[in-house]
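The paragraphs after it go from the strands to one residue, then to a pocket and to the chain as a whole.

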Amino acid sequence: MRKLPQSAAFFAGLGIFSLLAAGSVEDEVDYSGLDYSSPAYRVNYKDLADEFDENSIAAESKYDGQLIYVSGPVGSVDKDILDNPYVSITGQYDFASVQCFLTPGEVEGASSLRKGQRVVVAGVVGGTTLGVTLDGCRVVSD
């Protein structure tokens, strides 16, 4: 059996990764028309994460696609591997977390947030595979 040269194996792996990454990119959603002053729910990050942990199907049915306010301490302000800026809300010693993916207009304001600072964010509940994510996020209070 012939072995692939290292460069061929590298490019084959890179091609597979590229296909997977391209398949996971969603279309950009315009949140500019969303009324951020009227959330469907106001919830603490821990309570939200616990709801999803206790019964993900029921929590998804309740929150999916809804604009909600989530309060809690800032865990980090960062970017994901696709360079999307977010604020995570999480406690110091728990695994419950909410990742809030920021709208372009909110990035500058989020740069002043600090780890541990209490905030309220508004966003639309999106994916829940690896924790709860909010899309189109804005920092409502800090």
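Tyr41 stands opposite Ile68 in strand 2. The two belong to a parallel pairing, in which four bridges join strand 1 (residues 41–44) to strand 2 (residues 67–79). Strands here are DSSP runs of E with at least two residues, helices are DSSP runs of H or I with at least four residues, and both are numbered from the N terminus. Two strands count as paired if DSSP finds at least two bridges between them. This is a predicted model, in which local features need pLDDT of at least 70 and side-chain atom pairs count only at pLDDT 80 or more, while totals for chains, interfaces and linings use all residues. Residues are numbered from 1 along each chain as its sequence is written, and side-chain values use heavy atoms, with hydrogens and water left out.

Ser71 is placed opposite Val120 of strand 5. Strand 2 is also antiparallel to strand 3, with five bridges between them. Val74 faces Ile89 of strand 3 in this way, and Asp78 stands opposite Tyr86 of strand 3. Strands 2 and 3 form a hairpin with five residues between them, and Asp83 in the turn has a positive phi of about 70 degrees.

Strand 3 also pairs with strand 4 (residues 97–102), in the antiparallel sense and over five bridges. Tyr86 has Phe101 as its bridge partner in strand 4.

How many of the six residues of strand 3 are buried? Six of the six residues in strand 3 (residues 85–90) are buried, where buried means under 20% relative accessible area, exposed over 50% and partly exposed in between, with a 1.4 Å probe and protein chains only. The cover is on both faces: Pro85, Val87 and Ile89 lie on one side, and Tyr86, Ser88 and Thr90 on the other.

Take Ser88, a residue of strand 3. Ser88 counts as buried because its relative accessible area is 10%. Leaving aside neighbours within four places in sequence, Ser88 is in contact (heavy atoms within 4.5 Å) with Pro73, Val74, Gly75, Ser76, Val98 and Gln99.

Next comes empty space. Rolling a probe the size of a water molecule over the atoms shows where such space is left. On a 1 Å grid over the protein atoms alone, a pocket is an open set of points where a 1.4 Å probe fits, with protein on both sides within 12 Å along at least five of seven lines; lining residues have an atom within 4 Å of a point. The second largest pocket holds about 180 Å³. Twelve residues line this pocket, and Ala49, Phe52, Asp53, Ala96 and Gly131 lie nearest its centre. Helix 2 (residues 45–54) gives the largest share of the lining, four residues. By class, the lining has five nonpolar, five polar and two charged residues.

Finally, consider the whole chain. It has four helices and six strands, in the order α-β-α-α-β-β-β-α-β-β along the sequence. Of its 142 residues, 33% count as buried. Among contacts with a separation of 6 or more, 58% are between residues 24 or more positions apart.

Definitions and conventions
Points joined across faces, edges and corners; volume = space filled by probe spheres on them. Nonpolar A, V, L, I, M, F, W, Y, C, P; charged D, E, K, R; others polar.
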